[in-house]
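I opened this entry to keep a record of what I looked up, going from the whole chain to single residues.

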Amino acid sequence: MNKQSMWSWHFSTAALVLIPVAVGINYIGKLIAGMLKLPLWLDSIGTVLAAMLGGPI
């Protein structure tokens with residue numbers, strides 16, 4: 001019997017690529033907002049994009 005732990009994570013290759021890309025998008029968004037002195041939080045665009053593409057499961 002192969003019982004898996006409740007805390008084990010199985011990421012697909014797409015998810016493993018999506019995570020660093022989302023971090024990079026967040027960093028670039030923060031830099032752009034800082035350079036243009038925008039009163040926006042553009043550092044959450046990568047997080048939202050990853051959540052939409054990756055989904056909750």
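**Whole chain**

I began with the accessible surface of the chain, which comes to about 5,300 Å², with 74% of that belonging to carbon and sulfur atoms; accessible areas come from the Shrake-Rupley method with a 1.4 Å probe, and for residues only the protein chains shown count as cover. I note that this is a predicted model, in which local features need pLDDT of at least 70 and side-chain atom pairs count only at pLDDT 80 or more, while totals for chains, interfaces and linings use all residues. Residues are numbered from 1 along each chain as its sequence is written, and side-chain values use heavy atoms, with hydrogens and water left out.

I found two helices and zero strands in the chain, taking helices (H or I, at least four residues) and strands (E, at least two) as DSSP runs numbered from the N terminus. Of the 57 residues in the chain, 11% are buried, where buried means under 20% relative accessible area, exposed over 50%, and partly exposed in between, with a 1.4 Å probe and protein chains only.

**Helix α1**

I checked the length of α1 against expectation: its 23 residues should span 33 Å at 1.5 Å a residue, and the end C-alpha atoms are 34 Å apart, which agrees; the expected span is 1.5 Å times one less than the number of residues. Leu18, Ala22, Asn26, Gly29 and Ala33 are buried in α1, and the buried residues of this helix pack against α2.

I then asked which residues asparagine 26 touches, not counting those up to four places away in sequence. They are Leu42, Asp43, Ser44, Ile45, Gly46 and Thr47, where contact means heavy atoms within 4.5 Å. Asparagine 26 counts as buried because its relative accessibility is 16%, and its side chain reaches the backbone nitrogen of glycine 46 at 2.8 Å.

Two further residues of α1 went into my notes. Valine 23, found in helix α1, counts as exposed at 53% relative accessibility; valine 23 and serine 44 are 21 residues apart in sequence and 9.2 Å apart in space, C-alpha to C-alpha. Tyrosine 27, also placed in helix α1, is exposed with a relative accessible area of 54%, and its C-alpha atom is separated by 8.8 Å from that of leucine 42, 15 residues apart along the chain.

**Loop and surface patch**

I looked next at lysine 37, which lies in the loop between α1 and α2 and has a phi near 55 degrees, a positive value in a residue other than glycine. Most residues other than glycine have a negative phi. Lysine 37 counts as exposed at 71% relative accessibility.

Leucine 40 is found in the loop between α1 (13-35) and α2 (45-54), and at 48% relative accessibility it counts as partly exposed. I recorded leucine 40 as one of the residues of a nonpolar surface patch of about 820 Å², made with Tyr27, Ile28, Leu31, Ile32, Met35, Leu36 and Leu38. Patches are made of residues with over 30% relative accessible area and no salt bridge, like charges being joined within 9 Å and nonpolar side chains (Val, Leu, Ile, Met, Phe, Trp, Tyr) within 5 Å; a salt bridge is a side-chain nitrogen of Lys or Arg within 4 Å of a carboxyl oxygen of Asp or Glu.

Key:
Polar contact = N/O pair within 3.5 Å; in protein donor to acceptor, adjacent residues only side chain to side chain.
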